[in-house]
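Reader: Please set out the side-chain pairings of the following model, with the criteria used for each.

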Amino acid sequence: MDTTHDSTRTQLLQAAFAEIHRHGFQAAGLSEILRDTGLTKGALYHHFPSKHALGLVVIDEVIQGRLADAIFRPLEEAEDPYQTLLALLDQRIHGVDDEVVKWGCPLNNLIQEMSAVDADFREHLSAILARWQGVVQAALARAQAQGRVRADLDCEAASLFLVAAWEGCWGIAKNRQSAAVFRHCLRELRDYVRGLA
């Protein structure tokens, strides 16, 4: 395995993620990404044929990878998915500050910026949302089978609402530039989940 090749690619992806998170995809500058990594334009184009291609890989690998680590895998591997879902909400409630909220959710930012203007971005972003909803739906269905949530719960509808509300909390908190708003919003979402028992 060529570790230098992998290291260069990882550096580029992390720098691109940071640049896109702060400035949006359309305003993100390749020169800033190269400055932050100390790499050459040739190194960038060796790994990614275009800025567009780089953006899609940031979605598929960096953003989806962060969500997988923070939300997807914990729910998929949980013995008690209902309590794990509540614990994940608690972690977010207690784990944000104004600096985190300032830049918003990377996924939400790109959904708002790119969904209407680029079909490739919309497709890749939609795939993450579908995976997120599917993970939550499966977790709720397992919790239902365990008798942890109501037998009459529509797990598909509930999972769609949960993902939409979670991302909506990010959007309004970023607009208000307030971690307190984010925490308040997520507490309401946590109360909704508690009400599913």
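The questions and answers below concern salt bridges, aromatic pairs and charges over rings.

Author: This is a predicted model, in which local features need pLDDT of at least 70 and side-chain atom pairs count only at pLDDT 80 or more, while totals for chains, interfaces and linings use all residues. Residues are numbered from 1 along each chain as its sequence is written, and side-chain values use heavy atoms, with hydrogens and water left out.

Reader: How many salt bridges does the structure hold?
Author: Side chains of opposite charge can pair when their charged atoms come close. A salt bridge is taken here as a side-chain nitrogen of Lys or Arg within 4 Å of a carboxyl oxygen of Asp or Glu. By this rule the number of salt bridges is seven.

Reader: How far apart in sequence are the parts that Glu61 and Arg9 tie together?
Author: Glu61 and Arg9 form a salt bridge, with 2.8 Å between the closest N and O atoms. Helices (H or I, at least four residues) and strands (E, at least two) are DSSP runs, numbered from the N terminus. Glu61 belongs to helix α4 (residues 51-77) and Arg9 to helix α1 (residues 3-23), so the parts tied together are separated in sequence by 52 residues.

Reader: Which residues is Arg190 in contact with, leaving aside its neighbours within four places in sequence?
Author: Contact means heavy atoms within 4.5 Å. Arg190 has its place in helix α10. With those neighbours left aside, its contacts are Leu86, Leu89, Asp90 and Ile93.

Reader: Which helix holds both Arg194 and Asp191?
Author: Arg194 forms a salt bridge with Asp191, the closest N and O atoms being 3.4 Å apart. Arg194 is partly exposed at 43% relative accessibility, and Asp191 is partly exposed at 37%. The two residues are three residues apart, about one turn of the helix, and both lie in helix α10.

Reader: What is the angle between the planes of Phe25 and Phe121?
Author: Rings of Phe, Tyr and Trp (its six-membered ring) pair if their centres lie within 6.5 Å; planes under 30 degrees apart count as stacked, over 60 as edge-to-face and the rest as tilted. The structure holds five aromatic pairs. One of them is the tilted pair of Phe25 and Phe121, with 4.7 Å from centre to centre and an angle between the planes of 50 degrees.

Reader: Which residues do ring pairs link into a cluster?
Author: Phe72 and Trp132 form a tilted aromatic pair, 6.4 Å centre to centre, with 55 degrees between the planes. Phe72 lies in helix α4 and Trp132 in helix α8, so this pair ties together parts 60 residues apart in sequence. Both Phe72 and Trp132 are buried. The cluster linked by ring pairs consists of Phe72, Trp132 and Trp166.

Reader: Over which ring does the charged end of Arg22 sit?
Author: A charge sits over a ring if NZ of Lys or CZ of Arg is within 6 Å of the ring centre and within 35 degrees of the ring normal. Lys51 lies over the face of Phe25, at 4.8 Å from the ring centre. For the charged end of Arg22, the distance from the ring centre is 5.2 Å, and the ring is that of Trp103.

Note on methods
Buried < 20%, exposed > 50% of the residue type's maximum accessible area, 1.4 Å probe, protein only.
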